[in-house]
Amino acid sequence: MKYDITIIGSGIIGSSIAYYLSKYDCSILVVDKENDVANEVSMANSAIVHAGHDPKPGTLKGELNVKGNRMYPKLCEDLGASYVNCGAFTVMYSEEQRETFNDLVERAKQRNIPYEILSKEEALAQEENITDNVIQVLSLPTTSIVIPWEIALKELQVAILNGAEVKLNCEVNGIDANDNGFILHTNQGDIESTYVINSAGLFSDVVANMLEPQEYEINTRRGEYFVLSHDAKDFVNHIIYPIPTSKGKGILAVPTVDKNILLGPTADKIDSKYGINTTADGLNQVRTSIFNCLKNVPLHHIIRTFAGIRPSLEYRDFIIKKADNYDHFINLIGIDSPGIASAPAIAEYVENLMDLPYPIKDSYETKNPYHNAFQNMSVEEKDAYIKTHPEYGNIVCRCEQISEGEIIDCIHQPLGATSIKAVKKRVRPGMGKCQGGFCQPLVLEILARELHIKPEEVLYDQIGSNVVLDWKGGHEDA
Ligand SMILES: Cc1cc2nc3c(=O)[nH]c(=O)nc-3n(C[C@H](O)[C@H](O)[C@H](O)COP(=O)(O)OP(=O)(O)OC[C@H]3O[C@@H](n4cnc5c(N)ncnc54)[C@H](O)[C@@H]3O)c2cc1C
């Protein structure tokens, strides 16, 4: 099959581009080598829609972060995606940080980003766990938090409603150019495409080099985190940033959409694109550095650790441009932080760069109709609903209070969950205190039943990650 546009990568960048381009009257395909959308960098990060005060002047990062931040409220409303405008405090706790603090204030001023400078007393009145060493705080009220993989999924669901296709487990291994465009060689056969967009995250350098030899090389920098349980939810109300250094934004405390707290990330150069393991050294850095800005850190509420890898470039800015010799091939390379905050603005930037020859459809969707309506019901509404839909009264995940009905829904939506991790990403069973100890076998049984596969075939995540080898439970003939 030949497509007009093929997007390599279903992370938040590829998905945002698919969402914004799906209004054009042309065929769009999104391919991803993973078993679910947004399963790499967009899956493991701080999930902050930064205000845009941090990137250096004159960078694409600065321009697109500020713009993206302003686009998010409407985008999330259209998608029905979570968006919490919690605001951020950047904490100066040493006089040596004053110059950088003043630079950040100046950038906020020049970019028309709302800000306020708080005294020690004003800051402590709003966030009692800020360190007593605090001198001043830069408050950035437009900073928000989202769930990046939820945004990617919901954007792709809308793109599918507009006619786009998504192929998972489809890895691009080689690219040739011909007179009509490009041939992508994949593990699912060749795909022809007039335009190609390389939004392959950590592998964007590899993909770019498949077409023409480039100088690009992603420098992988790992960020390690602790996750605190809901019991710590009142520890901070704002995102707490330290003053950034040449290594990055430093170790933060981030209240999440789902009322956990993240502590992290580190920023350590590693030699692998696959090194998402945590390390004793990395976690120790988090454990000690977090006390620079905060006190009373409730480390006894840690329920999990995780790591993500930044697809950074030595160059330190985003590269978003046409391939040197091919106008119809767009490379997005080095999309590290603030990639999430910038994602909708990046998509618009790509749209302008491509100047597509296709007309815009007479009508197309921008809103996502697939919501977890049950979660947003009042107790009385839930009670009434359960009387006619008893599967919503069967609580599968006790920690997060997720019902069987919600799990069934997320399996059967477009781009529905086909693995335990995909269910977890969509409706949260396994995200709570017991980390799936109780609900994982139940989710496995539901997946087997709903997908009409054997329990032994149910995957945790990628192909080959089967959870049980021999099932003696009640669904042998599923
Ligand atoms: C620790 C950490 C913290 C961060 N915090 C923030 C933050 O708070 N705010 C913020 O704005 N940004 C943050 N970022 C940056 C942000 O996460 C990234 O900019 C963003 O997620 C990149 O999205 P992407 O779509 O480019 O990459 P990805 O999400 O990795 O998507 C790329 C996709 O391409 C697919 N792919 C790769 N190669 C191939 C191939 N050959 N064939 C087919 N598919 C392929 C992959 O499977 C993947 O799904 C953080 C990053 C990290 C690591």
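## Exercises on domains and the ligand shell

The centres of domain 1 and domain 2, taken over C-alpha atoms, are separated by 28 Å. The model is predicted: local features need pLDDT of at least 70 and side-chain atom pairs count only at pLDDT 80 or more, while totals for chains, interfaces and linings use all residues. Residue numbers start from 1 along each chain as its sequence is written.

**Exercise 1.** State into which domains the protein is divided and describe the contact of domain 1 with domain 2.

Step 1. The domains are domain 1 (1–82 + 145–217 + 313–368), domain 2 (88–141 + 219–310) and domain 3 (373–457); their bounds come from an automatic or database domain assignment.

Step 2. Domain 1 gives 23 residues to the contact and domain 2 gives 26 residues, where contact requires C-beta atoms, placed from the backbone, within 7 Å.

**Exercise 2.** Locate the ligand relative to domain 1 and domain 2.

Step 1. The ligand is surrounded by 42 residues, counted if the C-beta atom, placed from the backbone, lies within 6 Å of it. The closest are Gly9, Gly11, Gly201, Gly223 and Gly339.

Step 2. Both domain 1 and domain 2 give residues to this shell, so the ligand lies between them.

Definitions and conventions:
Two residues are in contact if their C-beta atoms, placed from the backbone, lie within 7 Å.
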